[in-house]
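Subject: Structure for you to look over

Hello,

Here is the structure I promised to hand over. Please open it alongside the notes that follow.

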Amino acid sequence: MADIATTVEDSAAAWWRLVAALILATIGGVGLWSTVVVLPFIEADFGIDRGGASLPYTATMVGFAVGAVLMGRLADRFGIMVPVILGAVFLCIGYIAASMATSYWQFVAIQAGLIGLLGSSPTFGPMVADISLWFRRRRGFAVAVVASGNYLAGAVWPPILTEMIAEIGWRDTYFWVGIVCVVTMVPLSFALRRRVEVDAEPPPASAFSARVQASPATIQILLCLAGVACCVAMAMPQVHIVAYCADLGYGPARGAQMLSIMLTLGVVSRLVSGLIADRIGGLGTLILGSALQCVALLAFLPFDGMVSLFLISALFGLSQGGIVPSYALIVRDVFPAREAGQRVSLVLMSTVMGMAIGGWMSGEIYDLTGSYAMAFVNGIAWNLLNLSIAIWFLMGGTRRPQTA
């Protein structure tokens, strides 16, 4: 049985828990990025095209999205430690099994089921929800820190995996990643053993709803659509930058370095955006991040020199880190607290689905056109859809009729 704690908000125990949660999110986040690094090697090993090589990433993200809901329910019942331990075990089994895959479809199934659905899924949404119970005055910062774990994973893991693959091949690399996950994550999970009892919070003032005349269902659907749209656009550079650099002759290692820079600065962006949101709100933060992300995507079209790509990757990282957390703030402004969990989960699941669709779609566009130019254009179009929805909300949507 987990220990039950009652007065833990913003305590020393809470801050130590935050450190452990961030480390676990960074380690467990390997499941989201390993397929990006091995994409060119999967393409060669299994004799498939670029779209097919992108499918394991899509399958992993779909599994990750569904698994977050399942693992979140498990955490509500037994505490976060149980799903984290299960995730570590399944990551180990999944990576070892993937290293032995004899067919492409075996590899895809393992990525989706063992690595995405059961392995990495506890380390994002459920972990964010758990840490929010341990902070009040610094809740926004704490949530941003844990939410940065998947970006830190993208900054830390690609260079490590690239070096390992160069030395021992992708299959042996996958094997040892599985071992590292279970050896490190299981002991760390015991730092999350304690649980808290939290009283129900009263519904917040709904300033957003006061501005926008739309039903709750309409607002929820539009937020989910915005989440899909922003992340279809976001997936293009994040999923394909390694393969793009390989096509340009710069090599996968340069692409991995760009991805690392992109996601490292994404962490900075996510934390800074949390501070900005305290001043201008979640909607303003969403519009700012979406506009800057669109500018960065546009810059990929005319510039493909190595130095230019490093600079654009940095700009992209600085622009998009705060977009996804802003949805949680908007949801809390629109809906009562008793509905926040399920509604935030729906929107965040939509962003993950957007990443999954965007990674696959960009690969298919590459196969059809022979270049990534139209894939970038496709990402820009989805980004504009996201920005349009956010501006529609800002302008008041269908405004309430004026009364005398």
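**Helix 10 and what follows**

Helix 10 is largely enclosed by the rest of the structure, because 25 of its 33 residues are buried. Buried means under 20% relative accessible area, exposed means over 50%, and partly exposed is in between (1.4 Å probe, protein chains only). Helices here are DSSP runs of H or I with at least four residues, numbered from the N terminus.

A word on the basis. This is a predicted model, in which local features need pLDDT of at least 70, side-chain atom pairs count only at pLDDT 80 or more, and totals for chains, interfaces and linings use all residues. Residues are numbered from 1 along each chain as its sequence is written, and side-chain values use heavy atoms, with hydrogens and water left out.

Back to helix 10. This helix covers residues 216–248. From first C-alpha to last it reaches 47 Å, close to the 48 Å expected at 1.5 Å a residue. The expected span is 1.5 Å times one less than the number of residues. Helix 10 also has a kink of about 60 degrees, centred on I241. The bend at a residue is the angle between axes fitted to the seven residues ending there and the seven starting there. Just after the helix, G249 takes a positive phi of about 90 degrees.

**Salt bridges**

How many salt bridges are there? The count is two. The rule asks for a side-chain nitrogen of Lys or Arg within 4 Å of a carboxyl oxygen of Asp or Glu.

One joins the side chains of R17 and D130, at 2.9 Å from N to O. This pair links distant parts of the chain: R17 sits in helix 1 (residues 12–28), D130 in helix 6 (residues 125–132), and they are 113 residues apart. Both R17 and D130 are buried. R17 counts as buried because its relative accessibility is 3%.

The other joins R171 and D45, at 3.6 Å from N to O. R171 is partly exposed, at 25% relative accessible area. D45 is partly exposed too, at 39%.

Helix 1 has 17 residues, which should span 24 Å at 1.5 Å a residue. Its end C-alpha atoms are 24 Å apart, which agrees. Among the buried residues of helix 1 are A14, R17, L18, A20 and A21.

**G51 and L368**

G51 is in helix 3 (residues 50–78). With 1% relative accessibility, G51 counts as buried. G51 and L368 are 317 residues apart in sequence, yet 9.3 Å apart in space, C-alpha to C-alpha.

Best wishes

Definitions and conventions. Helices (H or I, at least four residues) and strands (E, at least two) are DSSP runs, numbered from the N terminus.
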